[in-house]
Amino acid sequence: MVSIRSVPSTPSSLAANDFPWIIEHREDRCTLCGRCTAVCPVNAIKLSYMRQRMPKLVLNAAERKTSFRTFVGIRQKTDVSKRCVGCGLCAMVCPNQAIKPVPNPTRDRVRFQNTQHGEAWKRGGRRNEPGANLLDKILFTRISMLTDPALDAGRHEFFLNTLLGRVLSPEEYLKRKMNGDWIPPVREIFPFIIGSMSFGALSPNMWLGLLQGVAYLNEVHHMPVVMATGEGGCPPWVLKSKFLKYIILQIASGYFGWDEIIRAIPEMQCDPAAIEIKYGQGAKPGDGGLLMWYKVSKLIARLRGVPEGVDLPSPPVHQTLYSIEESVMKMIQSLSMAWDFRVPVYPKISGSNSAKAVLNNLVRNPYAAGLLIDGVDGGTGAAYNVSMDFMGHPIASNLRECYLDLCAQGKQNEIPLFAAGGVGKNGNVTQNGMALIMLGASGVHLGKYIMQAAAGCLGAEDHNRCNICNIGLCPKGITSQNPKIYRRLDPDKVAERVVDTFLAIRTEMKKIMAPLGRSQSLPIGMSDALGIADKAAAERLQIKYVC
Amino acid sequence: MCRLALKTSNEAFSPYGVFEAMEAMQEGYDGSGLGLIMRGLEFTDYSYNSNDPILSGIAHTEEALHRLNAFMQERGFELKYDHEFHVDLSHIEAKDRYKYLVRVYKRPRSWKGLSQEEVENEMMMTRLALRKDGEEHGGDLTSFAFWPDVIMIKEVGWPLEVGKALGLDEDRIKARVCMAQGRQNTNWGINLYACHPFFIQGIATMTNGENTAFIPIRDWLTGKGFPGYIGYQSDSEVFTHILHYVIKQLKLPLQAYKHVITPLKTEELERHPQGDFLLGLRNVCRRLIIDGPNAVMGTLPDETCLLVMDAKKLRPATIGGKPGTWAMASEMCGVDAMIPDRDKSLDFQPMRPHTVIVPPDRQEYKIWSQFDQFPLPQAA
């Protein structure tokens, strides 16, 4: 018998069955190639030699001796820090379908243990709420079946672009045009925008792939798709290239990367698409950016002007300024001035009950070029789990409220609203985006969806799959700064997928607009087309209740 | 799809001929509404001074008529002529038509010294106040227009029947411009206010087809806070209000209307001599872009008539005629019915960039293309 004292059981001791993901391994199929253990980003599995006692059940005592068999197999580690994250890369590389992670059908016990060393749980990804969200439930119900029959999505000409920038009232435009006064810059862009993901959060290969894809869409397909950098600047060669016009540069509370940007201004061949001032984001409202030390490589350190291997938490607010109203006003003005008032400058805020107040400030600020509201389902490279899961406001009603407020003032064309946060969370990217557009958005930002569609990001809200963007171990090489990992990601292939994704979005947009009889302009605010089988939501969003 | 007919002539003519043209296009409407606007008026039993405002509408009850009388009296309007239609309600479905109103008023003394713009505003506010009064009393009073030299009639029924119901075949009223629309009820309820043409401050338009961009356009116009931008029982009312907005509020020339409702594409504007101005105009008026298919016909206070198309699916609307008399109709057979003895080689069907304009002298119609230089020197 084994003595009871030698059984290791500390408060944090867990069995494989206590983990959110349990490795299912079939020894009869395993070829012992070792690929799964080599590829596992978190070292959750090990290839080990095991011994099995082989008792001989014979009556004769002299012959009754025990022999042992040794064998080799895969075992799951039971350290909290080595927990299986369910990414499933082992299953992807296994030549023989011998291994896969399966979600624990019971409540895992890691959730009670993942505060080791007093650290609250941090992760990447977005709010863990599986299943259809509100946007997925919106239907386009106003199908043209009478006077104006549905259009031919395949052959008809559609105008799908939107405007980014402050638009004057017609009266003011005419007045300024006659007097030769300043007209605020306006960009005509595709309404699905690659949202802000920083150079630092994303690997260089991912970033390059996105940019290549965006450039191809613009220059070959004439689709004015733009992408936003997150906080953390932009590689100098891009700043000085003609591709800068496809990029929205973000400035956030850490001002990372802005030394490089400001220094590059005299050498820029073109202006950036816009400047985004981040005041908040949906994944971690009220919290600044967070680049964990694992990802602060030599390159990132140089771009951001910081030492290597240190955590880079941005402050929650723009510290140099006194109040948000003032900071919005001053930053918008000073950044406009940096490019001689030729570049639209707009803030990005977290979805919030106070979004309307921010918006009203912007309406009165003649330099504000728009407002981006990022709802609670927005993703991030790194945040505290509690922020991600429980902080923030859903995007649909927040956006709708702001839009209706603008309508009441007759200003809905003047300040474009952009929406983000969970667009395409369940794969219905065009439907989600168009629903938001018909609720009043001028366009939508996509982050996680693009990583999933263009680079095969494995992260998901079902059982918190993967979501380890924060520690630089992204099994696909999307959010890693370790060349050994990000070499897995071929930028050309990412670019191809970016193009595929946007071409498909364009087709689906037409497939949505054609039956509604819309083709001449993006149906912003066409709320009569929407229906939902949820009375309360219908009332809140002022759309039709259908059942 | 509704049917449209417009005739303009140097000689005043009976509106019944336009109804006959509507009859020629009968397969295109369902009798759910008929509207008629007349301009350049002559009455057989009254010598009309074309500066006096005319109230067009319906008093559905005697009580409504009394209220109307009291209302007008209180505001200092003096009734100069009350046109008595020879009504025969057996031709139409509606029974609650106590009195069809075409009444000429003398302007109140208090309006003296008001600018033209202020007078126009007063007339619109009077019409809106009457409309509101009717709506507050269960819809017993409808007011379609209150404007000099304009009569507007709206009724539910087939054109010839409506014409007979009101005795319009007796030629007691003649007009130099007459515009009629037979309605195919789309997704909006049957309502007298939903009948085309729509009217605001001297500007009237009518449309066939559906405007799928109606809600965003309505929301934008409503947000302007202009008191006349109300109603919207029909998705086509926005066409009238956009034309009003372009001409009266922005004070742009008529040609700008087309650039607002169906702007050129970006790549076309890049080659346009005034592309920079027009691109900016497209941006600022982006919410007014229509989504047809539509043919829009309109008339302005100076008797100018216009015809434009949407940019999407072209309708067969046609203009034809001869110097002095022109007809527009949503189908060519309508033009044939109105002016059979014309040179058909002068017929024209406008395409995507065109605005057809018949100026008040009616000698020839003008085709103006969006690709042409924009006639606004200071904007160039």
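Predicted model: local features only at pLDDT ≥ 70, side-chain atom pairs only at ≥ 80, totals over all residues.
Figure 1. Helices (H or I, at least four residues) and strands (E, at least two) are DSSP runs, numbered from the N terminus. β9(A) runs parallel to strand β19 (residues 443-446) of chain A and is joined to β19(A) by three bridges; two strands pair if DSSP finds at least two bridges between them. A:I193 has A:H445 as its bridge partner in β19(A). Strand β10 (residues 227-229) of chain A also pairs with β9(A) in the parallel sense, over two bridges, and A:M227 in β10(A) stands opposite A:I194.

Residues are numbered from 1 along each chain as its sequence is written, and chains are lettered from A and ligands numbered from 1 in the order in which they are written. Local features need pLDDT of at least 70 and side-chain atom pairs count only at pLDDT 80 or more, while totals for chains, interfaces and linings use all residues; side-chain values use heavy atoms, with hydrogens and water left out.

**Figure 2. The open sheet of chain B.** Six antiparallel strands of chain B form an open sheet in the order β9-β10-β11-β12-β15-β16. β9 (198-200) and β16 (366-369) of chain B stand at the edges with a single partner strand each, so one side of each is left without a neighbour in the sheet. Strand β11 (residues 295-299) and strand β12 (residues 305-309) of chain B pair over five bridges, and B:A295 has B:M309 as its bridge partner in β12(B).

**Figure 3. Helix α3 of chain A beside helix α9 of chain B.** The axes of α3 (residues 170-179) of chain A and α9 (residues 275-284) of chain B come within 9 Å and cross at roughly 160 degrees. Axes are lines fitted to C-alpha atoms, for helices over the stretch in contact, and angles run from 0 to 180 degrees between N-to-C directions. α3(A) and α9(B) are therefore roughly antiparallel; angles under 35 degrees count as roughly parallel, over 145 as roughly antiparallel, 65 to 115 as roughly perpendicular and the rest as oblique. Residues of α3(A), including A:Y173 and A:L174, meet residues of α9(B), among them B:F277 and B:L281 (contact means heavy atoms within 4.5 Å).
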